[in-house]
Amino acid sequence: MGLRLTPYAATDLPDFAPLFRAIVADGESYAYPLGLSDGDIQDLWWGSDPAHTVTARDEHGRLVGSAKMSPNRPGRGAHIGTASFMVSANARGTGVGRALLDYVIDWHVRGGFSGIQFNAVVETNTAAVQLWRSVGFSIIGTVPGAFDSRRHGRVGLHVMFLPLPLQPLES
C-alpha cells in the first residue's frame, strides 16, 4: 500500500469526521459520545501544542487513518507520552496501524520522551493489543469493566507502557 503520512490540517476534517464517527459508533474502542459536531471532533482529535496529529492517506488519496500524540500529562508528567489511533474499517490489516505506530514511536523518541503510556486500550480490541505488544508495550494494569463494549458488554481497559529511548527511525 502506498501510504502517505502528513501532519493533520483543517482541510482533513471533512475526510476524518466520518471515519471518527464510524469508529465511535462501532462502540468497540473509544468512549467518545455519539453525535459530536465537526468542530467537537476537531477539538478532540487535533488538540493543541504540544500535541501532534498525523493522517494516513492511501495511494488514491483516501484518508484511511490518523494518530494523535502528546505528553501524557502536563508539567512533571510531560516526559511520558501518549497516543491515540483510528484506522478505517476497510484499511485494517493492511499495515496502516503499524505505519502510524512507527511514526508515533519515532516522534516520541525524537522528542526525548522516557516512555509511551496508553491509558485506555479496550481489552477486546485484540488486534490493537497484539500490535502494541509486538513492538514492546506491556500491559501494566487493567481496570475491570471500565469500558462498555457494544458487542461484549463491560470489559477491561488496559494501561500499556513502552519504555524509551529506542533508536529513532532513519529519515
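Author: This is a predicted model. One place to begin is a salt bridge between Arg-151 and Glu-28, whose closest N and O atoms are 3.4 Å apart.

Reader: Where in the chain do Arg-151 and Glu-28 sit?

Author: Arg-151 is in the loop between β6 and β7, and Glu-28 is in the loop between α1 and α2 (38–46). The pair links distant parts of the chain, 123 residues apart.

Reader: Is Glu-28 buried or exposed?

Author: Glu-28 has a relative accessible area of 10%, so it counts as buried. Arg-151 is partly exposed, at 48%.

Reader: Which residues are joined with them into one network?

Author: The network consists of Asp-26, Glu-28, Arg-150 and Arg-151, joined by salt bridges that share partners.

Reader: How many salt bridges does the structure hold?

Author: It holds 9. Another one pairs Asp-12 with Arg-57, with 2.9 Å between the closest N and O atoms. Asp-12 lies in the loop between β1 (4–7) and α1 (13–26) and Arg-57 in strand β2, so this pair ties together parts 45 residues apart in sequence.

Reader: And what is the relative accessibility of Arg-57?

Author: It is 10%, so Arg-57 counts as buried. Asp-12 is buried as well, at 7%. Arg-57 also forms a salt bridge with Asp-15, 2.9 Å from N to O. Asp-15 is in helix α1 and Arg-57 in strand β2, so that pair ties together parts 42 residues apart in sequence.

Reader: New topic. Which residues of helix α4 are buried?

Author: In α4, residues 126–134, the buried ones are Ala-128, Val-129, Leu-131 and Trp-132. Seen down the helix axis they fall within an arc of 165 degrees, so they line one face of α4.

Reader: What is on the face turned away from the buried side?

Author: That face carries the exposed residues Thr-126, Ala-127 and Gln-130.

Reader: What do the buried residues of α4 pack against?

Author: They pack against β4 (80–87), α3 (96–110), β5 (115–122), β6 (138–149) and β7 (153–163).

Reader: Which residues touch the most other members of the largest nonpolar core?

Author: Out of 28 residues in that core, they are Phe-85, Leu-100, Leu-101, Ile-105, Phe-118, Trp-132 and Phe-137. Helix α3 gives the most to this core, with 6 residues.

Reader: What is Phe-118 in contact with?

Author: Leaving aside neighbours within four places in sequence, its contacts include Phe-85, Trp-132, Phe-137 and Met-160.

Conventions: Residues numbered from 1 in each chain as written. Predicted model: local features only at pLDDT ≥ 70, side-chain atom pairs only at ≥ 80, totals over all residues. Heavy atoms only, no water. Buried < 20%, exposed > 50% of the residue type's maximum accessible area, 1.4 Å probe, protein only. Helix = DSSP H or I, 4+ residues; strand = E, 2+ residues; numbered from the N terminus. Arc of directions from axis to C-beta. Contact = heavy atoms within 4.5 Å. Core = buried A, V, L, I, M, F, W, Y, C linked by side-chain atoms within 4.5 Å. Salt bridge = Lys/Arg side-chain N within 4 Å of Asp/Glu carboxyl O.
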